[in-house]
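I opened the notebook today to work through a sheet, a helix contact and the packing around them. Come along and look with me.

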Amino acid sequence: MTIPTPIENRTAAAPTLGLAQFAASLRGDALPRDIKVTLGELFLDYVRVASIGAEMPWSGWADAYMGQLGGQGRSAVLFRPQRRDAVRAAFLNATYAGSIDADDTHVGSMLHPGSIVFSAALALADEVGAGGNDFIAAVAAGYEAMIRIGLSIQPSHFHRGFQSTATCGGFGAAVAAARLAFNGEKAADHKIASSIGLVASFSGGLTQFYKSGSTVKRIHAARAAENGVAAALLARQGFTGPEDIIEGANGFARAYADAAELRIMTDGLGEKYLLREVTVKGHACSARVQAAVEGILDLCKANRIAPDDVADVFVGIPAVILGRLTIPRPIDVQAAQMSLPHSAALAVALVPSAADGFALSVTDYESSLHDPRVKRIEQLVRCEVDAEVEAATTAEAVPARVIITMKDGTRHSTFVSAPKGSPSRPFTHDDHIARFRRELNKRLTEKTCDEIVEIAGNLADLDRVKRITDLLAVARSR
């Protein structure tokens, strides 16, 4: 469907203002019970992934960069003792949480909402002294805005070469930040819409890294979070953005996609929460290769497959990932995490440690680039479009068919309809707590972990968000 004529009448049906009105009116205590539970679990996952990411080399670069810029403030930086202004804190926290390709994902919109939205909301909550009720409302609104905008412009946005976490993430951050910045103010909906209008002009993020490598994707989420918070603070000072920026004649949808379904942004808004469709990853790689990795690991374990005995690895995939996610022989760790052939070979060749809560971890990918076993098996991997996989692909999950053929002719096959962690096969509440504890026990006392888990159980009841950021803003290393 082509993009419809721009909506000139600014009603609740218009996407930009409709999302803003939803955010302004949303109350945390009015959220459905399952949404509150889900957001608590996603928060635990956000903190867990950020703890791992905070120790990566690029997080050190980000710390040094912000140190050069200077400045202190009221907003917490996770696992660091210094508090910074909201813009810098959002950048750093989203670097930690969004840089290792292990953060939560919405498959259909092809983006990672949690690392951005939680980072923006935490930064503004500290800045304005918000409580849990407003915090969880801001997070829910940010997730919905980011997912719905991304979903409305896919897949042509992806095919053009944009990385939607970066291009659409600013919207999620701006909505969450503005919901807190303008809470209770007159015309808050128009101020939130203006923040959306501002951040659209900051939108950017390309996918050349799939082909050429580099570490730029490590800060895609960070820049989106930073820009969203900046947009809300700029609006607070009097700057304005177009309140029809998404649907307008020269707006975001027309500039960034060949076609868009604008109705997705407001259909069922406030009743049908698309954040229910978010996947929590089990592997530190692209969400669209998770099912294939899981299938290979299961086959290798069940059949005691020795890597040296493998003759062929076939992976049936949907057409949408052919090309960008099927590039073999990656030149760096980032490219490896985005490569299905490499991920498949890694799953066959290595026994994953699961030391940081992932079956395939960033550490596994770092060690795999020059591993001769992985390189040999990667040459055996074939990724081809499979009609059944294509038909089973949804906005919630990308399935995979895996056939491993041994040198003696034996074939082992499986069809993974959805990976573990996807909406149809979610991690349990106990899984989330166990994964959180396994990582955070390296930094925090058991008592502190207990307190954070208890708070996450009902974020809306939190009197001040600063209570939880005080627990997390510590200097202790893993």
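Before looking at any strand, I noted the rule for pairing: two strands pair if DSSP finds at least two bridges between them. Helices (H or I, at least four residues) and strands (E, at least two) are DSSP runs, numbered from the N terminus. This is a predicted model, where local features need pLDDT of at least 70, side-chain atom pairs count only at pLDDT 80 or more, and totals for chains, interfaces and linings use all residues. Residues are numbered from 1 along each chain as its sequence is written, and side-chain values use heavy atoms, with hydrogens and water left out.

**Entry 1**

Then I went pair by pair. S3 (residues 310-317) and S4 run parallel and are joined by five bridges; Val313 stands opposite Val381 in S4. S3 and S5 are antiparallel over six bridges, and here Asp312 faces Thr405 in S5. S5 and S6 also pair in the antiparallel sense, over six bridges. Val402 stands opposite Thr414 in S6, and Ala400 has Val416 as its bridge partner in S6. The hairpin of S5 and S6 has four residues between the strands, and Gly409 takes a positive phi near 95 degrees there.

Six of the seven residues of S5 are buried, so S5 is largely enclosed by the rest of the structure.

**Entry 1: H2 and its neighbours**

I moved on to helix H2 (residues 33-53), whose axis comes within 8 Å of that of H20 (residues 446-456), crossing at roughly 145 degrees. Gly40, Phe43 and Leu44 in H2 meet Ile452, Val453 and Ala456 in H20.

Phe43 kept turning up. Phe43 and Tyr46 are three residues apart in H2, about one turn of the helix, and both are buried. I noted the ring rule: rings of Phe, Tyr and Trp (its six-membered ring) pair if their centres lie within 6.5 Å, with planes under 30 degrees apart stacked, over 60 edge-to-face and the rest tilted. The centres of these two rings are 6.2 Å apart and their planes at 35 degrees, so the pair of Phe43 and Tyr46 is tilted. Phe43, Tyr46, Phe118, Phe135 and Tyr143 form one aromatic cluster.

Last, I followed Leu472: not counting residues up to four places away in sequence, Leu472 touches Phe43, Val47, Leu78, Phe79, Leu444 and Ile452.

Terms used:
Axes fitted to C-alpha atoms, helices over the stretch in contact; angles between N-to-C directions. Contact = heavy atoms within 4.5 Å. Buried < 20%, exposed > 50% of the residue type's maximum accessible area, 1.4 Å probe, protein only.
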